[in-house]
Every structure is written in structure tokens, then in C-alpha cells.
Amino acid sequence: MKTAILAALISSAAAFAPAQKAASSTALNAEMSKAVPFLTAPKNTAGWVGDVGFDPLGFSDNFDMKFLREAEIKHGRISMMATLGFVLQEYMTIPGMTHVDDSNMAPAAAGLSSMLQIVFYIGVLEFWTNKGNVTMETMFEDPDRVPGSFGFDPMGLGVGKSTEEMEKIQLQEIKNGRLAMLAIGGMIHHNWVTGEALF
């Protein structure tokens, strides 16, 4: 009887003890972006050279990553050339062309026919390098096609390089291209806002 009373007292006392909660997992399982730490890292950019988790608008969720990478590389290459040309144009003039101090005025000085020739030949080059597949849906029908690789390496910079060395070179090109895209935008807007030449 004493045992039954003792057991009843212990069990009734246990009713007033704080309940032990099972450990629940509410931790965020998603990896956070290195570039924008308050956003989750985009899953589709992982594994690509130059990935720092920057895709705040979610383009990689809606478009093919090969197309996005090719667009980034092409725009970077064009911006690197444009940045150089924007500066050189102030100091050098192609024979037969009119010199202007403000590089933003160069297309107007060159004339419509010169600008249309550039657009036409870039279109031909784009068509030729992609073997006629110029739409986003058909550009990468060949699964072996690497974005931004057109077999153009006249200086042999990629010859005999290991995968790690090639990824380092690709990262350098992507970073320089990203910087050049910002630079040419800044140069153009400098001239628009001030109305003066860059230097």
C-alpha cells in the first residue's frame, strides 16, 4: 500500500514538472549567398566558374544556364573591347573618320551606314559561330558545346593547360568582363551627365 501511495505521489508531482520538448529542426537548410548574404544561394549557378551566389532576380531558375553563361561571356568580351575603344577614340582617329572628343558622339560622326555595317557583320558572325542556331532554344542543341568557347585561341593560351589552370583563366576572363561591363556603363554615363570628354 505504501508503494502504491508513493507511486501516486510521484506521478502526480510529475504532472507539474515542465514537459521536455523534443528537439525540432527549424534551422534554415538552404545555403546563403556569398554575394548577397540575406538571400539564399541560387541552386542552378552552383558548379559554374565564377559562381558567388549572385542571382537576385532568379534568372537561373527561368533560363538555361548555358545560355546565361554565354550571354555573360559575350557581353563581357564586348565590354572589354568597348572600354578600350572608348578611351582610345579620344586620342586616335581612324583615317577618313571625323574626330570627336566625346565618345558618345562617335556613332553619329561615323554615320548610319557605318553603324549598320557593324550590326550586319556581327549578326553574320553570330549566325556562323552558332551554325545557324541563334535562338535560346536551339543554341545548345549540341550537348558538348561549351558556352563562350568558339575554338578561337590564336595565341595558344589554352594549349596544354590542366582543368584547374583553364578554370583560373576562365575566372579571370569572367571577372574582367564583369568589371568592364560596369566600366563602360560608367564611362558612357559620365559623358552624358557632364557633357564632356572622359579625360
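Which side chain meets Glu 70 in a salt bridge? Arg 145 does, at 2.8 Å from N to O. A salt bridge here is a side-chain nitrogen of Lys or Arg within 4 Å of a carboxyl oxygen of Asp or Glu. This is a predicted model: local features need pLDDT of at least 70, side-chain atom pairs count only at pLDDT 80 or more, and totals for chains, interfaces and linings use all residues. Residues are numbered from 1 along each chain as its sequence is written, and side-chain values use heavy atoms, leaving out hydrogens and water.

**Overall build**

- The chain has six helices and zero strands. Helices (H or I, at least four residues) and strands (E, at least two) are DSSP runs, numbered from the N terminus.
- Read from the N terminus, the order of elements is α-α-α-α-α-α.
- The chain holds 199 residues, and 19% of them are buried. Buried means under 20% relative accessible area, exposed means over 50%, and partly exposed lies in between (1.4 Å probe, protein chains only).
- The accessible surface is about 14800 Å². Carbon and sulfur atoms hold 67% of that surface. Areas come from the Shrake-Rupley method with a 1.4 Å probe; for residues, only the protein chains shown count as cover.
- Of the contacts with a separation of 6 or more, 50% join residues 24 or more positions apart. A contact means heavy atoms within 4.5 Å.

**Salt bridges**

- The whole structure contains seven salt bridges.
- Glu 70 and Arg 145 link distant parts of the chain, 75 residues apart. Glu 70 sits in helix α3, while Arg 145 lies in the loop between α5 (112-129) and α6 (163-194).
- Glu 70 is buried at 1% relative accessibility. Arg 145 is also buried, at 14%.
- Shared partners join Glu 70, Lys 74, Glu 126 and Arg 145 into one network of salt bridges.
- Arg 69 pairs with Glu 72 in another salt bridge, with the closest N and O atoms 3.3 Å apart. The two are three residues apart in helix α3, so about one helical turn separates them.
- Arg 69 is buried, with a relative accessible area of 8%. Glu 72 is partly exposed, at 22%.
- Lys 43 and Asp 61 form a salt bridge of 3.6 Å, N to O. This pair also links distant parts of the chain: Lys 43 is in the loop between α1 (2-14) and α2 (59-62), and Asp 61 is in helix α2, 18 residues apart.
- Lys 43 is exposed at 63%. Asp 61 is partly exposed at 46%.

**Aromatic pairs**

- The structure has two aromatic pairs. Rings of Phe, Tyr and Trp (its six-membered ring) pair if their centres lie within 6.5 Å; planes under 30 degrees apart count as stacked, over 60 as edge-to-face and the rest as tilted.
- Phe 59 and Phe 63 make a tilted pair, 6.1 Å centre to centre with 40° between the planes. Phe 59 is partly exposed at 41%, and Phe 63 is partly exposed at 35%.
- Phe 120 and Tyr 121 make an edge-to-face pair, because their planes stand at 75°, with centres 5.2 Å apart. Both residues, Phe 120 and Tyr 121, are exposed.

**Surface patch**

- Leu 84, Leu 88, Tyr 91, Met 92 and Phe 199 form a nonpolar surface patch. Together they have about 590 Å² of accessible area.
- Patches take residues with over 30% relative accessible area and no salt bridge; like charges are joined within 9 Å, nonpolar side chains (Val, Leu, Ile, Met, Phe, Trp, Tyr) within 5 Å.
- Met 92 lies in the loop between α3 (65-91) and α4 (106-110). Met 92 counts as exposed, at 53% relative accessibility.
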